[in-house]
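Subject: Structure handover

Hello,

Here is the structure you were expecting. Please open it beside this email, and read the notes below with it on screen.

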Amino acid sequence: MIIVLDRAIREDDKDRLRQFLTDKGFQVREIVGEEETIFGAVGLVGIDAREVEIQPGVVRVIPISKPYKLASRELKKNDTVIDLGPIKIGGPRIVVIAGPCSVESESQVMETAELVRNSGAVILRGGAFKPRTSPYAFQGLGEEGLRYLKAAGERFGMPVISEIVSPHQVDVFRDHVDVYQIGARNMQNYELLKAVGATGSPVMLKRGHSATIEEWLMAAEYLLAHGTENIVLCERGIRTFETYTRNTLDISSIPVVKKLSHLPVFVDPSHATGIRDKVLPVALGAVAAGADGLMIEVHPRPEKALSDGPQSLFPVQFEKLMRDIEALSPVVGKELSRIPHAPAKAIGEPRRAGKPRGAGETGTRIAFQGARGAYSEMALRRYFHNESFSPLACRHFRDVFEAVLEGEAIYGVLPIENSLAGSVHENYDLLLRYPDLKIIGETKLRVEHSLIGVPGATLDGITAVFSHPQALAQCDDYLREHAAWELTPFYDTAGSVAHIADEGTPAHAAIANAQVAEMYGMAVLKEGIETNPRNYTRFVVLARTDEAEMPDANMASLVFSTPDQPGALFAAMKVMADASLNLKKLESRPIAGRPWQYMFYVDVEIPSSRKGYTDALAALEATVEDLRVLGAYRAN
Ligand code: PEP
Ligand code: MN
């Protein structure tokens, strides 16, 4: 049952209530939500809800209708986010686990770890105890395999996961893995579930070959009831009459489970399909359907793999898969998880101490332009998801630069380019005017607009719409259908929602992201009103830094002008072509105060062997005028 506590419950009443429930045979978990704090009480016993309701500090008691209690969304409304140090599973980032089916040797797992890490995987997998159908097949290297896996994870900074097949192995696994994997064949091995649950460590629970979703969630309930809170569910295909693929991926289980449970859901397209060239399309399907992450088998030489070679990706296929996931993620409002490269370390100290923080504010202060809830704030939250921060809302773009320069904020987040409207020139110009600030990262956000009104307002009653001029333009088709509405430009989208909230006039609506409506207690009248759904904004993260390049940089943004002579731009381009640098953007802009002269904005990919890039920069310096590196950073 769910016991909703009074906001003002005294600590001693809470303790007494916990004791009362424990004495009655319940297991009690406290769940602190944004709106309320609850006790989740589960146990074998029945109790008259009224007995609990009369305890001091109890607001109400709600029974949980599902047989799985701790795993159900009824108990916990917010998604569970599993903290693996630098990696968080279950948040807005898609986590990719990759590695060989089996650890075959130290060199094989090292080689695989390096290549999957370079392509963007953040967790390393590798089986050491293999539950094989045939007793004559390779059974895994056992504890030796776990040691190799752990060493590879440590060398490449990746948490590791491996499958445990017996409760007796718990102690060995504890020393070697970050996440225990319970395989499909063991999903209902209840002694194993109890033993692994009791470790309190993160677990990936695969769906059994013939398990219903309810049976799968009941298995998760075993783990939860025995002590771990950090469970990832992994759909890996079920047995059906179809024989073309190894199993049949139940893709609809993703949204179904996400509705029923707060636990993150992964998909393993390797075991689901059993066929290498089916892995990529199915993996993308899983991401599109809302999976929190993927587990993929990769082998440096799949044709030589000791297990599951036919479904293991070649390294180049994995690299392509990662690029495709990266492109797809913003469509579902997510971003690919990366192993952070400690950007904070490269940041110069603020010139002066920041302003005193407001009550309850903790963490690094990060400036953005707009009202609370602006797209820039969403980008900021996406980028700094793993860190503790407090956003600082600034009225103008320039204020963001000033805040970072003056040390009021350590970072600033700014829109630099929209896929439909082009560059945000004001920010490019400001980047030139603030040479102490550098781009240290970027993130892309899909722009989805909603029409937002005061609660109870209806479309028929709207007479005026407020929003940023660009947002109004981006909803042109929809607004034309309502030609009578008066359109009023506002300095930003979130601010327009704050404005209509202040006014409280049902005839006035605003255009912004649907999330902003909730922040200001407003209602979404119509979702997805943007004319072109392929609308993305690229944001850059600024910091004061003395570093020339961020660790792991793969993109540089440059600005230069050229001498006024034939072939000048061609000469600059030739430097980059000769160094085999891939140009991602080239744009010219008038130079302020020098009519009919232009500067060029260039984004160029930095190859993993740095030399081509550094040599090209030196050559460019000699070829162009006023070369400035706005930043060399990790692009997503
Ligand atoms: C595995 O991931 O190595 C594995 C054996 O998977 P499953 O339990 O899903 O068959
Ligand atoms: Mn396998």
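First, a term. A residue is called buried when its relative accessible area is under 20%, exposed when it is over 50%, and partly exposed in between (1.4 Å probe, protein chains only). By that scale Asp12, at 32%, is partly exposed.

Next, the ground rules. This is a predicted model, so local features need pLDDT of at least 70, side-chain atom pairs count only at pLDDT 80 or more, and totals for chains, interfaces and linings use all residues. Residues are numbered from 1 along each chain as its sequence is written, chains are lettered from A and ligands numbered from 1 in the order in which they are written, and side-chain values use heavy atoms, with hydrogens and water left out.

**Overall build**

The protein has 20 helices and 30 strands. Helices (H or I, at least four residues) and strands (E, at least two) are DSSP runs, numbered from the N terminus. The radius of gyration is 27 Å, close to the 26 Å that the globule rule gives for 636 residues, so the protein is as compact as a globular protein of that length. That radius is taken over C-alpha atoms, and the rule is 2.2 Å times the number of residues to the power 0.38. The C-alpha trace spans about 80 × 65 × 50 Å along its principal axes.

Of the 636 residues, 53% are buried. Contact means heavy atoms within 4.5 Å. Among contacts with a separation of 6 or more, 72% are between residues 24 or more positions apart.

The protein exposes about 27,500 Å², and carbon and sulfur atoms supply 52% of that area. The areas come from the Shrake-Rupley method with a 1.4 Å probe; for residues, only the protein chains shown count as cover.

**Charges and salt bridges**

There are 70 positive and 83 negative side chains, and the centres of the two sets lie 2 Å apart. Lys and Arg count as positive and Asp and Glu as negative, while His and the chain ends are not counted. Each charge is placed at NZ of Lys, CZ of Arg, CG of Asp or CD of Glu.

Side chains of opposite charge can pair when their charged atoms come close. A salt bridge here is a side-chain nitrogen of Lys or Arg within 4 Å of a carboxyl oxygen of Asp or Glu. The whole structure holds 41 of these salt bridges.

Start with helix α1 (residues 11–23), where Asp12 and Arg16 sit four residues apart, about one turn of the helix. Their closest N and O atoms are 3.4 Å apart, and the two form a salt bridge. Helix α1 also holds Asp15 and Arg18, three residues apart, again about one turn. This pair forms a salt bridge too, with the closest N and O atoms 3.3 Å apart. Asp15 is partly exposed at 41%. Arg18 is partly exposed at 28%.

Now look at Asp292 and Lys258, whose side chains meet in a salt bridge of 2.6 Å, N to O. Asp292 lies in the loop between α10 (276–288) and β14 (293–297) and Lys258 in helix α8 (residues 253–260), so the pair ties together parts that are 34 residues apart in sequence. Asp292 is buried, at 2% relative accessibility. Lys258 is buried as well, at 18%.

There is also a network. Salt bridges with shared partners join Glu417, Glu442, Lys444, Arg538, Lys585, Glu587 and Asp603.

**Positive phi angles**

Asp308 is not a glycine, yet its phi is positive, near 50 degrees. Asp308 sits in the loop between β14 and α11 (315–328) and is buried at 16%. Asp626 is not a glycine either, and has a positive phi of about 50 degrees. Asp626 belongs to strand β30 (residues 625–633) and is exposed at 54%.

**The loop between α6 and β11**

Which residues does Thr199 touch, not counting those up to four places away in sequence? They are Val170, Arg174 and Tyr180. Thr199 lies in the loop between α6 (190–197) and β11 (203–206) and is buried at 18%.

Ser201 is in the loop between α6 and β11. Ser201 is buried at 18%. With residues up to four places away left out, Ser201 touches Tyr180, Thr228 and Asn230.

Best wishes
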